[in-house]
Amino acid sequence: MIDMSVEIAGVTLPNPVMPASGTYEVDDLHEGFFPPSELGALINKTIFLHPRPGNPPPRIWETPCGMLNSIGIPSEGLHKFLEEKLPRLRSLGPPVIVSIAGNSLQEWRDLAAAIDESGSADMIELDLSCPNLEQGFIWASDPQALAEAVAAAVEAAKLPVISKLSPNVRDISEMAVVAERAGTAAVSMVNSYLGMAIDIRTRRPALGNITGGLTGPAIRPMALYSVFATFQKIQVPIIGIGGIATWRDAVEFLLAGATAVAVGTQNFVDPTAMRKVINGIAGYVERAGFSAVRELIGLAHQPQSA
Ligand code: SIN
């Protein structure tokens, strides 16, 4: 019997596979593909404090081996989320991570405190790295802003805080160190890479917001490197994200140093992808002669045996 559990900031996940925020909705449609109770954790599409419409269409553009998105985090706001979405997430069984985004330090505080007080979440993820917001400000691209936002949320909530980091920086591993010093209990990496496409029929930018975030298998080697480069610089666990489409990809991230992994774009290609990734990891662990999935974490850092 393989032990698939992993631990993030004192929270036990039954297995290391979860959706990336915004790529998997808990609703009747998705519950029809496989029971969400099989997942390692659940997470919502990021919420803001107040309702907001998100970006103008088109919001999605397919690229070779990936996808550009510029959704702009439409949100029904905190109040509706607490009333309608969070109770459903909580009822399903796996640990619940609530993804939040603030426009100011006070909003980070207010959101983190409200999620904490709801009593229905296990962890809070700070979406500090969306590249698609109207002001164009990415908290995780500036060390001081990152540290202040993380500290604000950490002070406001007793729940463990995860910082979702941006790859659109000189050295993401240094930003992970900044987040750790500010009190984050884990980091998730990476969010999407800033990019664009031009529609040659209209001769204009393809996305309504002009730029978007690139995700999918195209970014996997870069995301994997980010995890690998960060693993030995911080003590807190890493949730690996970036183009994970199969169990083999997920195993690479675990070996690079991720404690858990999030599947994103592949959920749009195959709504059963996460189930396949979970089962595939378990099979790999067993065939490789390990008894627990956590034995894989960071193994790629060990010197090669002769
Ligand atoms: C979006 O809604 O534009 C993407 C969310 C994110 O990158 O955090």
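Which residues have the most contacts inside the largest nonpolar core?

1. Basis of the note. This is a predicted model, in which local features need pLDDT of at least 70 and side-chain atom pairs count only at pLDDT 80 or more, while totals for chains, interfaces and linings use all residues. Residues are numbered from 1 along each chain as its sequence is written, and side-chain values use heavy atoms, with hydrogens and water left out.

2. The core. I100, I115 and I281 have the most contacts inside the largest nonpolar core, which has 95 residues. Such a core is a set of buried Ala, Val, Leu, Ile, Met, Phe, Trp, Tyr and Cys residues joined through side-chain atoms within 4.5 Å, and buried means under 20% relative accessible area, against over 50% for exposed and partly exposed in between, with a 1.4 Å probe and protein chains only. Leaving aside residues up to four places away in sequence, I100 touches T46, I47, W108, L111, A112, I115, I124, E125, L126 and D127, where contact means heavy atoms within 4.5 Å.

3. The helix pair. Helix α2 (residues 77-91) and helix α3 (residues 105-118) have axes that come within 11 Å and cross at roughly 30 degrees, which makes α2 roughly parallel to α3, a term used for angles under 35 degrees. The crossing of α2 and α3 is right-handed, meaning that the near helix is turned clockwise from the far one by less than a right angle. On the α2 side the contact is made by L78, F81, L82 and L86, and on the α3 side by L111, A114, I115 and S118. Axes here are lines fitted to C-alpha atoms, for helices over the stretch in contact, and angles run from 0 to 180 degrees between N-to-C directions.

4. The parallel sheet. Eight strands form an open sheet with parallel pairing, in the order β3-β16-β15-β10-β9-β8-β7-β4. Because β3 (17-19) and β4 (42-43) stand at the edges with a single partner strand each, one side of each is left without a neighbour in the sheet. Helix α6 (residues 220-231) packs on the sheet, touching β10 and β15 (238-241), and its direction makes about 165 degrees with that of β15. Helices (H or I, at least four residues) and strands (E, at least two) are DSSP runs numbered from the N terminus, and two strands pair if DSSP finds at least two bridges between them.

5. Neighbours within that sheet. Three bridges join β9 (residues 161-164) to β10 (residues 186-189), with S163 standing opposite V187 in β10. Three bridges also join β10 to β15, where M189 has G240 as its bridge partner. A further three link β15 to β16 (residues 260-263), and I241 stands opposite A262 in β16. From β15, I238 and G240 point one way and I239 and I241 the other way, and all are buried.

6. The antiparallel sheet. An open sheet of four strands has antiparallel pairing and the order β5-β6-β14-β11. Its edge strands, β5 (60-63) and β11 (193-196), each pair on one side only, and the twist averages 35 degrees from one strand to the next. Four bridges pair β5 with β6 (residues 66-69), and the bridge partner of T63 in β6 is G66.

Note on methods:
Angles under 35 degrees count as roughly parallel, over 145 as roughly antiparallel, 65 to 115 as roughly perpendicular and the rest as oblique.
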